[in-house]
Amino acid sequence: MRAAPTILHLDMDAFYAAAEQAAKPSLRGKPVVVGGIGPRGVVATASYEARAFGVHSAMATAQARRLCPNAAYLAPRFTLYREVSEVVMGLLGELSPLVEPLSLDEAFVDLEAGGVEPSSAVVRAVGERLRRDIRQATGLSGSVGLAGSKMLAKIASEQAKPDGLVVIEPGTELELLAPMSVRAIPGVGPATAETLRRAGLTTVGDTAEAGEAELVRLLGKAHGAGLYALATARDNRPVVAERDAKSVSVEDTFEEDLTDRTRVELELARLADRCVQRLRAAGRSGRTVVIKVRSYDFSTLTRSETLRGPTDDLGVVREAVRRLLDGVDTTAGVRLLGVGVTGLADYTQEDLFAQAAATAEAAADAERPPTAEAEGEPAPEEEAGRRPRRWIPGLDIRHAEYGPGWIQGSGVGRVTVRFEQPWSAPGRVRTFAVDDPALEPGEPLPLIRAAWEQQPGPPEPPEPSGQPEPSDPAVSSGSSGSSGSSGSSGSSGPDTGPSAREPSERPEPDVGTRSDGQPLAGGVSG
């Protein structure tokens, strides 16, 4: 515990949702939910407008839709979030060489290591300046907590939300902590809280008064002693600039249970590819391969295999995944699959067997007769490319004539797009055929126009055509309709409305509706 509040904790406010509201003028002031938009999706972040309806992070999207049916349900755009995070982390790096990122939107900063005078007035001024700089550079708000320890700095930033700053003055820590729930202490989860509750300890003050010996008796030596120290405001954990990753993993939840064994194998192979890509991007290798299988009834099992040495070889990881799957029964149905690599190292040990197998496979390929693709017939990938594209609500899109926009919904062969930029007024909505050749996936625009103009030779995006009406919101908070299901495109039903080549020119008063007034299957309700 320091004698001055020189540890800063920054937590961006509803980061993903706030970034979407900043990027999409028509969603500002409206409930926005970012996360998986399918029937088995999970909420990543909810805007404060959506939180007023009871929506929160880690909630099932299906439940969120019942609580707040008129919210905009958008798929996450991690490219944008990482770009904004880099700007924010850069500002933190100007304050101190000791910055400990916890996620894209959260970090600790040791101001003392940056030479900041250890006084409450000075650190408060630094915190206020940081908040102004973040808003100027990104257009977003962040909450700042300042205290003499990491635990208290995080508690202070929680109290500062949204868009505030709280300093916990030295000498006031115990008084502040005493009435708080014991769950406010880092490391106290539901199980520990229940153990303490049964012993009559529900607040931090109760826990401190119980004494170290009683906590050790209830929780064990390590956990009990550590909990007592934190309950009495003794937290000497340093700010660590670099945190060594312990594992690399990826996983997917499927909208429908997988019962076909071949499909399970293919999905695991795809996950292995993504896992190895992340491993190589981090410049690491791993020795233990892990698979995760969650069944239809939410029962979850993991299987692992330790290799002879660290590797980042895709063939080695794939083969290990196949062997691990051999011992798992998937006939009842699988809702989630995951692949991970642990035991990370900074070097690889070449697998001679994998090299030999690769050489043999290459030789076998050379001896095979020409395939249909070599004879000029379309490959399966080309056939797949001819199918209607899948437009996901919330993602960026670009039209050859109207410029950049974002997808509001799609279904029955149509996709609805709102054309607007972060610095424009709410733009107009237009509807196109899903296979319109003028449409293509877009890239996120910077949230601040100055950042866009500073890019080398950027094409100037056209301003949204027409005068948007104030009564044409992206989300109608007074509507009783609910948003559709996932943003899949294509339907066996007949197309209605505009032709496949010409967009609808009329402004649409209800977002996410077709030209015949029926709701589109997308993330934004009418």
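Visitor: Which residues on the other side of α8 are called exposed?

Guide: P190, A191 and R198 are exposed. Exposed means over 50% relative accessible area, buried under 20%, and partly exposed in between, with a 1.4 Å probe and protein chains only. The model is a predicted one, in which local features need pLDDT of at least 70 and side-chain atom pairs count only at pLDDT 80 or more, while totals for chains, interfaces and linings use all residues. Residues are numbered from 1 along each chain as its sequence is written, and side-chain values use heavy atoms, with hydrogens and water left out.

Visitor: Why are the buried residues of α8 said to line one face of the helix?

Guide: Helix α8, residues 190–198, has T192, A193 and L196 as its buried residues. Seen down the axis of α8, these fall within an arc of 100°, so they line one face. The arc is taken from the directions that run from the helix axis to the C-beta atoms. An α-helix has 3.6 residues a turn, so residues three or four places apart point the same way.

Visitor: What do the buried residues of α8 pack against?

Guide: They pack against α10 (212–219) and α11 (221–231), where contact means heavy atoms within 4.5 Å. Just after α8, G200 has a positive phi of about 85°. Helices here are DSSP runs of H or I with at least four residues, strands are runs of E with at least two, and both are numbered from the N terminus.

Visitor: Why are β9 and β11 placed at the edges?

Guide: The open sheet has 4 strands in the order β9-β12-β10-β11, with antiparallel pairing. β9 (247–258) and β11 (300–311) each have a single partner strand, so one side of each is left without a neighbour in the sheet. On average, neighbouring strands are turned by 15° against each other, direction ignored.

Visitor: How many bridges join β10 to β11?

Guide: Strand β10 (residues 285–295) is joined to β11 by 8 bridges, and the two run antiparallel. Two strands pair if DSSP finds at least two bridges between them, so β10 and β11 qualify. One of the bridge partners in β11 is T311, facing G286.

Visitor: Which helix touches β9, β10, β11 and β12?

Guide: Helix α12 (residues 261–281) packs on the sheet and touches these strands, with its direction at about 155° to that of β9. Helix α13 (residues 314–326) lies across β10, β11 and β12 and runs at about 145° to β11. Axes are lines fitted to C-alpha atoms, for helices over the stretch in contact, and angles run from 0 to 180 degrees between N-to-C directions.

Visitor: Why is strand β16 called largely enclosed?

Guide: In β16 (residues 428–433), 6 of the 6 residues are buried, so the strand is largely enclosed by the rest of the structure. Strand β15 (residues 414–419) is joined to β16 by 6 bridges, running antiparallel. The bridge partner of R418 in β16 is V429.

Visitor: How many of the residues of the chain count as buried?

Guide: Of its 526 residues, 46% count as buried. The chain has 16 helices and 17 strands.
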